[in-house]
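Colleague: I'd like to learn how to read a model like this one. Could you take me through it feature by feature?

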Amino acid sequence: SDVCSSDLIKNYQDDLLAWILDHAAELEEIMLVGGEPMLMKQNYTLLNRLPDQCKVSIITNLSYDILSLPCLPKLLDRPRQNTLWNISLENIGPQFEYVRTGAKWDQVKTNLQYLTKHWPEITSINFVYSMFSAFDVVETIKELHTLGVKKINFFPIKLQPNMDVFNMPSEIRLIAADNLDAAIKWHTENLH
């Protein structure tokens, strides 16, 4: 038979959604991860039918218009503490657009402002610490702070040795360490 792989993926996603919804009353927590989970139609149905007491953690890159999400009204109706937003982001401006090919910084900024307005304490950044992000950490943290972000989780890149700051010559590691120290100092002084 001629079954294309996108049909298989859709069938898998639909089957998984059906299974989750059959067990929704038993769920305490669910994590939506990518690709980009907020572009998957099955997740709209899931979010609309999950019980409010189930915690939802969304890992997203915010590269879409959040106001156009069909599930946004339901997300806003849920208890705020039960929806956690984890944004994959490690740069700002043109550098962000270079690292996150196809994403637009202005759209992400608008989305971050919206999230930090509605979920101020539970919007956080998942920051991949690499050669792409190690040398402008302070500027990135400052900009994120102006957008309302209070929590940033740093993750070192390990599977790409040529991008791992810790694999670089000592001169580069020292510059990166100075930038990281300055970021920690700024964060401590401004965000405690």
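Modeller: Let's start with contact, which means heavy atoms within 4.5 Å. Here, His118 touches Leu76 and Arg80, not counting residues up to four places away in sequence. Before we go on, this is a predicted model, where local features need pLDDT of at least 70, side-chain atom pairs count only at pLDDT 80 or more, and totals for chains, interfaces and linings use all residues. Residues are numbered from 1 along each chain as its sequence is written, and side-chain values use heavy atoms, with hydrogens and water left out.

Colleague: Where does His118 sit, and how do I read the elements?

Modeller: Helices (H or I, at least four residues) and strands (E, at least two) are DSSP runs, numbered from the N terminus. His118 belongs to helix 5. Overall, the protein has 7 helices and 5 strands, and along the sequence they follow the pattern α-β-α-β-α-β-α-α-β-α-β-α.

Colleague: Is His118 buried or exposed?

Modeller: Buried means under 20% relative accessible area, exposed over 50%, and partly exposed in between (1.4 Å probe, protein chains only). His118 has a relative accessible area of 19%, so it counts as buried. For the protein, buried residues make up 42% of the 192 residues.

Colleague: Which residues have the most contacts inside the largest nonpolar core?

Modeller: A nonpolar core is a set of buried Ala, Val, Leu, Ile, Met, Phe, Trp, Tyr and Cys residues joined through side-chain atoms within 4.5 Å. The largest one has 49 residues, and Met38, Trp85, Leu89, Leu112 and Ile125 have the most contacts inside it. Helix 5 (residues 105–118) gives the most to this core, with 5 residues. Take Met38: leaving aside neighbours within four places in sequence, its contacts include Tyr44, Leu47, Ile58, Tyr64 and Trp85.

Colleague: What does the side chain of Thr83 make a polar contact with?

Modeller: A polar contact is a pair of N or O atoms within 3.5 Å; within protein, one must be able to donate a hydrogen and the other to accept it, and residues adjacent in sequence count only if both atoms are side-chain atoms. The side chain of Thr83 pairs up with the side chain of Arg78 in this way, at 3.1 Å. Thr83 lies in strand 3 (residues 83–88) and counts as buried because its relative accessibility is 0%. Once neighbours within four places in sequence are set aside, Thr83 is in contact with Val56, Ile58, Leu75, Arg78, Trp119 and Ile122.

Colleague: And the loops? Where is Asp65?

Modeller: Asp65 is in the loop between strand 2 (55–60) and helix 3 (72–77). Asp65 has 34% relative accessibility, so it counts as partly exposed. The side chain of Asp65 reaches the backbone nitrogen of Leu67 at 3.1 Å. Not counting residues up to four places away in sequence, Asp65 touches Gln107 and Asn111. Asp65 and Asn111 are 46 residues apart in sequence, yet 7.0 Å apart in space, C-alpha to C-alpha.

Colleague: What about Leu62? Is it buried or exposed?

Modeller: Leu62 also lies in the loop between strand 2 and helix 3. Leu62 is buried because its relative accessible area is 0%. Check its backbone too: phi of Leu62 is near 60°, a positive value in a residue other than glycine.

Colleague: How much of the contact picture joins residues at least 24 apart?

Modeller: Among contacts between residues at least 6 apart in sequence, 75% join residues at least 24 apart.
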